Every structure is written in C-alpha cells, then in structure tokens.
Amino acid sequence: MSDTATFAQARKQHLKVLNQYIPIVDRVHGPRHPEFHEVRKIFDAVVLKMDQARSKHPQLEEEFSLLRTITHNYHIPDDVCESYEAVYRILSELDEAYHRNE
C-alpha cells in the first residue's frame, strides 16, 4: 500500500481481510495472548463506528490509541502465525492512514 493512501482506501483494501482473520487469530492465539481478546473488541468497535459514519470520517482516535497501547505499537510476538502478523501489520497501516487523513 502506498504511503499516501487515504483512510478510505486503506479501509476498502483491508477490512474484509481483518473481518476474516481477527476471529480466527483470537480463537487460536487468545489463550496464550489474552491481549488479543481486547484487540478484537476494539476492532469490533472500530467497524461499528465506521459503519455508522458511512462515508464520513469516523472518530477513531481513542480506539487507535488503545490498539497502540495494547499491542505495544503493533509489536508482533515471536510465537505467532502469519495471520497474527498480518492483523497487526494491517491495523498499523489503518492507524497510519487514519491519522494522515485527520
């Protein structure tokens, strides 16, 4: 993804993958990484706000701040699969695109 991608572009490109991966990663890695349960809850809140905002720019500062805190700035643990890595990478890209377009 381009460094100049808008949040709307990043959302369109990544939301389907996140909706698919996050529940699976939560089920598989949640027992050893309980913080991922919180990641899933926050992601669900992000999706809800995006749906409610429709074409407007949703207010997600708090959610992205919480995600950065919980994930230690999207640091990927050593003992996880590629899907877990992809979730953190994509969330980080969405976070960056969101703040670039404020």
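Predicted model: local features only at pLDDT ≥ 70, side-chain atom pairs only at ≥ 80, totals over all residues.
Hi everyone. The mean pLDDT of this protein chain is 92, and 94% of its residues reach 70 or more; pLDDT is the predictor's confidence in each residue, from 0 to 100. Residues are numbered from 1 along each chain as its sequence is written, and side-chain values use heavy atoms, with hydrogens and water left out.

Let's begin with the overall fold. The chain holds four helices and zero strands, so defined as DSSP runs numbered from the N terminus: H or I of at least four residues for helices, E of at least two for strands. Reading along the sequence gives the pattern α-α-α-α. The radius of gyration is 13 Å, close to the 13 Å that the globule rule gives for 102 residues, so the chain is as compact as a globular protein of that length. For that comparison, the radius is taken over C-alpha atoms, and the rule is 2.2 Å times the number of residues to the power 0.38. Along its principal axes, the C-alpha trace spans about 35 × 25 × 25 Å.

Back to confidence for a moment, now by element. Helix α1, residues 7-29, has the lowest mean pLDDT among the elements, at 94, while α3 has the highest, at 97.

How much of the chain is buried? Buried residues make up 41% of the 102; here buried means under 20% relative accessible area, exposed means over 50%, and partly exposed lies in between, using a 1.4 Å probe and protein chains only. The accessible surface comes to about 6,200 Å², and 50% of it belongs to carbon and sulfur atoms. Those areas come from the Shrake-Rupley method with a 1.4 Å probe, and for residues only the protein chains shown count as cover.

On to contacts, meaning heavy atoms within 4.5 Å. Of the contacts between residues at least 6 apart in sequence, 70% join residues at least 24 apart.

As for charge, there are 13 positive and 17 negative side chains, with the centres of the two sets 8 Å apart. Lys and Arg count as positive, Asp and Glu as negative, and His and the chain ends are not counted. Each charge is placed at NZ of Lys, CZ of Arg, CG of Asp or CD of Glu.

Now for some individual residues, starting inside. Leu 94 sits in helix α4 and, at 4% relative accessibility, is buried. Which residues does Leu 94 touch, not counting those up to four places away in sequence? They are Phe 7, Ala 10, Arg 11, Leu 18 and Phe 64. Leu 94 and Asp 44 are 50 residues apart along the chain, and their C-alpha atoms are separated by 14 Å.

Next, please find Thr 6, in the segment before α1. Thr 6 is partly exposed, with 30% relative accessibility. Leaving out residues up to four places away in sequence, Thr 6 touches Ala 97 and Asn 101.

The loop between α2 (35-53) and α3 gives us Arg 54, exposed at 67% relative accessibility. Ser 55 is in the loop between α2 and α3 too, and is exposed with a relative accessible area of 77%. From Ser 55 to Tyr 21, 34 residues apart along the chain, the C-alpha separation is 24 Å. For Arg 54 and Phe 43, 11 residues apart, the C-alpha separation is 16 Å.

Asn 73 lies between α3 (61-70) and α4 (82-100), and its phi is near 60 degrees, a positive value in a residue other than glycine. Tyr 74 is in the loop between α3 and α4, with phi near 65 degrees, again positive in a non-glycine residue. Is each of them buried or exposed? Asn 73 is exposed, at 57% relative accessible area, whereas Tyr 74 is buried, at 9%.
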